[in-house]
Amino acid sequence: MKSLIVLCLLLQLTFCKTNTDTIDKNIVNAKIDRKIDISSHLVKTSTSVTLENKGTSPVRSFLFSVEPLLKNSIAFIGASSKDDKEKLDVSLTTVAGHSDKTFYRVTLRSALDGGKTTVVELEAIFSHILRPYPSEIAQAEKQLVVLEANLYFYSPYPTTSQTTTVVTTSSNVESYTKTKPVSQSDTSIIYGPYEDKSAFAEAPLKVHEENNSPFLTVTSMERVVEVSHWGNIAVEEHIDMTHTGASLKGSFSRFDYQRQQDGLASIKTFKTSLPASARDVYYRDEIGNISTSHMREMDESVEVELRPRFPLFGGWKTRYFLGYNVPSYEYLFFKDEHYALKMRFIDHIYDDMVVDKMQLRIILPEGVKNIELKIPFEVERQGDQVHYTYLDTLGRPVVVLNKNNLVEQHIQDFELHYTFQRLLLLQEPLLVVGAFYLLFLVVIIYVRLDFAITKDEAKESRMRVAGFIDEVQNAHDRRSALYQSYDDAINKFKSSKDAAAFSAGRKKIDADYKQLTQQIQNIQAQLKTEGAEASEKVAELQRLDSLYKEQVGLAIMAAEKLVAGKMGRQQYLDAEAATTSKCDDTYKKMESLRATL
């Protein structure tokens with residue numbers, strides 16, 4: 001989680017308020033017992049602080065500071081009284097003259113009088129502090145990590161005596177800082193006691209050890225909670241997950257993985273805990289349902305063992321969807337028109353989980369008003385959105401919350417208060433009733449009225465005749481165009497005197513002419529059964545076309561004689577004039593007849 005101070009300045013969030021404090025010179029850390037646990041991929045520190053008030057005025061709070069090296073990785077800060085384990089209020093604050101440092105104010109359960117001491121337990125969790133070294137390992141190699149931190153307790157107050165214990169994963173420690181006094185035994189490295197350290201004291205602490213625990217990180221997560229006043233709350237999570245440990249070097253061998261049981265730092269399965277009332281649980285990815293999962297119902301939760309489609313090595317990613325339903329009576333409370341939703345902000349995804357970025361979308365019923373949010377930690381609330389689903393008219397309001405760097409300590413309940421008129425519950429049933437009413441009304445009208453169309457045989461016959469005539473006219477137009485083709489071929493033959501080319505061109509025109517004439521003849525045969533008058537006109541058109549074709553044949557014979565020298569030019573001109581006159585006369589008759597079809 002990035003520095004909340006920077007977050008406030010950049011986003012100007014109204015809910016993110018920081019206080020201003022000063023460092024009380026009368027407070028001294030009389031004794032510090034600090035434990036740094038690096039046995040997982042999270043760094044967990046628990047510190048027992050014995051505060052001493054050397055002044056005369058009572059002290060009601062003290063400051064806790066985070067070293068600059070770790071301030072951007074802090075995920076959770078908590079405090080409690082050692083005597084009764086009561087949680088103490090922790091809030092972000094600032095100190096004049098120390099803008100580069102991050103401070104938290106811890107409010108004591110009761111004022112600490114002058115000359116008195118009290119013991120406070122501090123808990124801090126940091127993510128992405130452990131660095132894989134080497135950064136790449138082969139499938140069969142073990143994973144080594146490095147911790148770099150502050151050897152001393154970073155505090156704005158001087159410390160009289162302090163001891164730090166580093167809890168490692170195993171006794172296999174490659175190297176560690178050996179600032180005396182220091183001792184190692186099994187899985188612990190004990191530093192100190194160190195006496196009389198000034199405020200904000202720093203010294204390097206470095207531990208290089210074997211750590212094969214799952215370095216599993218949820219890089220992005222969207223959690224959708226859909227509330228229904230009809231007795232159900234649906235929850236669905238879209239999770240992007242990455243193994244953030246040492247990257248796999250070389251290729252992956254499934255055979256070696258199963259035979260030798262290597263890949264110590266890989267992740268085969270992990271367990272997710274859902275509410276005890278969860279039902280209809282599903283687990284799928286982009287491909288579809290993932291059947292390699294097991295669910296076990298327990299007294300206080302439903303435990304789901306999730307197994308990805310492939311084991312996760314360093315740098316490998318997976319994305320999946322997990323959803324379930326819970327009854328609304330366990331989480332939704334109401335009095336009159338006032339409702340309160342109380343649910344977990346996030347579920348337990350896996351042990352020692354860390355979520356880099358999360359968005360929570362709460363979809364409320366349509367018609368909800370006066371939305372108020374109560375949450376035990378600071379979040380970023382975006383502007384409310386609108387979601388449309390079945391039978392919605394104005395849409396359902398959606399509360400959108402964002403938070404970064406979440407751990408198990410953030411598995412806490414939020415409260416969402418709103419008002420809703422219960423009469424609006426009838427809106428969707430009435431819409432359904434109205435839709436069915438209209439459907440039945442249409443059916444009644446359809447059944448009682450006769451919309452059948454009586455067949456008119458004469459009209460259909462006329463339509464068929466009209467269709468045949470259109471086909472005759474189109475075919476005749478294409479055939480008439482061939483007349484000009486004959487004239488062009490004759491004229492070209494007379495000028496070129498190429499008999500072979502003329503014969504070839506004439507054959508092509510004759511073939512097209514024959515095809516169109518046969519097509520019109522076939523249509524005429526169909527017309528005989530539909531309309532005798534139209535059939536007779538088409539027959540007359542065919543007869544006139546034959547006369548025209550005869551004149552074209554005479555013109556071809558005359559041209560051939562002229563080219564062969566068997567006919568004089570004047571004789572040819574006289575014959576050409578006669579055939580042209582007869583062709584024009586016949587063409588006019590055909591066009592006149594065509595217009596009457």
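A residue is called buried when its relative accessible area is under 20%, exposed when that area is over 50%, and partly exposed in between, with a 1.4 Å probe and the protein chains only. By that rule Gln473, whose place is in helix 4, counts as buried because its relative accessible area is 17%. The structure is a predicted model, in which local features need pLDDT of at least 70 and side-chain atom pairs count only at pLDDT 80 or more, while totals for chains, interfaces and linings use all residues. Residues are numbered from 1 along each chain as its sequence is written, and side-chain values use heavy atoms, with hydrogens and water left out.

Helices (H or I, at least four residues) and strands (E, at least two) are DSSP runs numbered from the N terminus. Leaving aside residues up to four places away in sequence, Gln473 touches Arg594 and Leu597, where contact means heavy atoms within 4.5 Å. Asp487 also lies in helix 4, but its relative accessibility of 34% is why Asp487 counts as partly exposed. The C-alpha atom of Asp487 is separated by 8.9 Å from that of Ala555, although the two residues are 68 residues apart along the chain.

Helix 5, which covers residues 499–527, has 29 residues and reaches 41 Å from its first C-alpha to its last, close to the 42 Å expected at 1.5 Å a residue; the expected span is 1.5 Å times one less than the number of residues. Its buried residues include Phe502, Ile509, Tyr513, Leu516 and Ile520. An α-helix has 3.6 residues a turn, so residues three or four places apart point the same way. What covers the buried residues of helix 5 includes helix 4 (457–496) and helix 6 (532–564). Helix 6 has 33 residues and reaches 48 Å between its first and last C-alpha, close to the 48 Å expected, and just after helix 6 Gly565 takes a positive phi of about 80 degrees.

The nonpolar cores come next, a core being a set of buried Ala, Val, Leu, Ile, Met, Phe, Trp, Tyr and Cys residues joined through side-chain atoms within 4.5 Å. The largest has 56 residues, and Leu341, Phe345 and Ile349 are those with the most contacts inside it. Strand 17 (residues 216–228) gives the largest share of this core, 5 residues. Apart from it lies another core, of 50 residues, among them Val49, Val66, Leu122 and Tyr154. Within the chain, and not counting residues up to four places away in sequence, Leu341 touches several residues, including Val227, Ile233, Tyr331 and Phe414.

Rolling a probe the size of a water molecule over the atoms shows where empty space is left. On a 1 Å grid over the protein atoms alone, a cavity is a set of points where a 1.4 Å probe fits but cannot get out, and lining residues have an atom within 4 Å of a point. Points are joined across faces, edges and corners, and a volume is the space filled by probe spheres set on them. A search of the whole structure finds 3 cavities of 30 Å³ or more.

The largest cavity has a volume of about 190 Å³ and is lined by 20 residues, of which Arg34, Thr45, Glu67, Leu70 and Phe126 lie nearest its centre. Strand 8 supplies the largest share of this lining, 4 residues. The second largest cavity has a volume of about 70 Å³, and of the 15 residues that line it, Ile137, Ala246, Ala265, Ser266 and Phe313 are the closest to its centre.

Methods. On a 1 Å grid over the protein atoms alone, a cavity is a set of points where a 1.4 Å probe fits but cannot get out, and a pocket is an open set with protein on both sides within 12 Å along at least five of seven lines; lining residues have an atom within 4 Å of a point.
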